[in-house]
Amino acid sequence: MQNILVSIIIPIYKVEPYIVRCIDSVLQQTYRELEVILVDDCSPDHSMQMARNHIKQSHLSKNLRFVYLKHNHNRGLSAARNTGMDAATGDYIYFLDSDDSITTDCIEQLLKPLSIDTFDMVVADYDLCGSTGNYPKLILTQGAYYDRNDICLGRLKCTWYPMAWNKLYRTAFLKDNKLKFLEGVIHEDELWSSCVACVLHSMYVIQEKTYIYTIRGSSIMTDLKREERITSYVKMVAFFEHFIQQRGIYKMYETNNLLQQLFTQAVMASLKSGDYFKYATTYSQLRRTIKRHFLFFLFVNRFNVKRQIRDIHYLFPICLGARYVYRMMNIIHG
């Protein structure tokens, strides 16, 4: 385990109140074979300078490698993570958001399962700071998972949380599968984790809480523009459809239901606008993206009645399908 280099990728943008705490949690890691990649996403404040100063002044930075990168203009979280991945030289990659922090033994705990076997992903639990809201939890029991269908089903049922952070990813796995974050969207982690789940061959779950997730009142999670959300989900459906088609896994039960999950989220976002024309336009875009017939879903869903009722709109022309889904959503969600 001592020869495993871990690349910690930290995107930085407008996090002055949190960045020192974040960097400090990395400096205090009990595991020291670390490459820390800080990506300045053209932050308008002094966040990056504060990070540099804290690293320079701390005796704990000794023997750790630091890489400083900067975008020419603000490109968003996805782009910053992608830039970090491109620069990473570690055997494993770990994503850490700059307004969050990690426990002192975080990396050490995540590396322990690697003494048993080589895993594409290792995931641990997390704590919430600043909220008592309902956020995705880690429900899976501790241990190794090798069945791709089970892993994918876990993502579908949200038994492991979709956030990209607090997971150790094998670098070769990410690069071999060309797993990059889709840029220019929000909720990018939902799409990312769905793509990861579809190609994972192995993962290990540990129950220790190794990450402190900070909920900010002004964060993207609590101040979203509805239009951005709708546009993002439409892009995500198109991306995921291309992803599973390109890899020849579009006939899998789990991957198709992950696709339909994204479809439903896009529809729900447009319905909340209260504008039927906007909803119908969104539905039409989605239907043209997913060029399947109902008979395909009839076969893939293994004659699951609940799924068939959900997907029967693919049997209708787009205008009628839009009305069917509109009625169904209003019945289900009131």
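Reader: How do H7 and H8 run, roughly parallel or roughly antiparallel to each other?

Author: Angles under 35 degrees count as roughly parallel, over 145 as roughly antiparallel, 65 to 115 as roughly perpendicular and the rest as oblique. In this predicted model, H7 and H8 are roughly parallel to each other. Their packing angle is about 15 degrees, and their axes lie 10 Å apart. Axes are lines fitted to C-alpha atoms over the stretch in contact, with angles from 0 to 180 degrees between N-to-C directions.

Reader: Which residues of H7 and H8 meet?

Author: Take contact as heavy atoms within 4.5 Å. H7 brings Glu190, Leu191, Ser194, Cys195, Cys198 and Val199. From H8 come Tyr233, Met236, Phe239, Phe240, Phe243 and Ile244. By class, that contact has 10 nonpolar residues, one polar and one charged.

Reader: At what angle do H8 and H10 pack?

Author: About 15 degrees, with the axes 9 Å apart. H8 covers residues 226-246, and H10 covers residues 276-289. H8 and H10 are therefore roughly parallel to each other.

Reader: Which residues of H8 and H10 meet?

Author: On H8, look at Glu227, Ile230, Val234, Val237, Ala238 and Glu241. On H10, their partners are Lys278, Thr282, Gln285, Leu286 and Thr289. This contact of H8 with H10 divides into five nonpolar, three polar and three charged residues.

Notes:
Residues are numbered from 1 along each chain as its sequence is written. This is a predicted model: local features need pLDDT of at least 70, side-chain atom pairs count only at pLDDT 80 or more; totals for chains, interfaces and linings use all residues. Side-chain values use heavy atoms; hydrogens and water are left out. Helices (H or I, at least four residues) and strands (E, at least two) are DSSP runs, numbered from the N terminus. Ala, Val, Leu, Ile, Met, Phe, Trp, Tyr, Cys and Pro count as nonpolar, Asp, Glu, Lys and Arg as charged, and the others, Gly among them, as polar.
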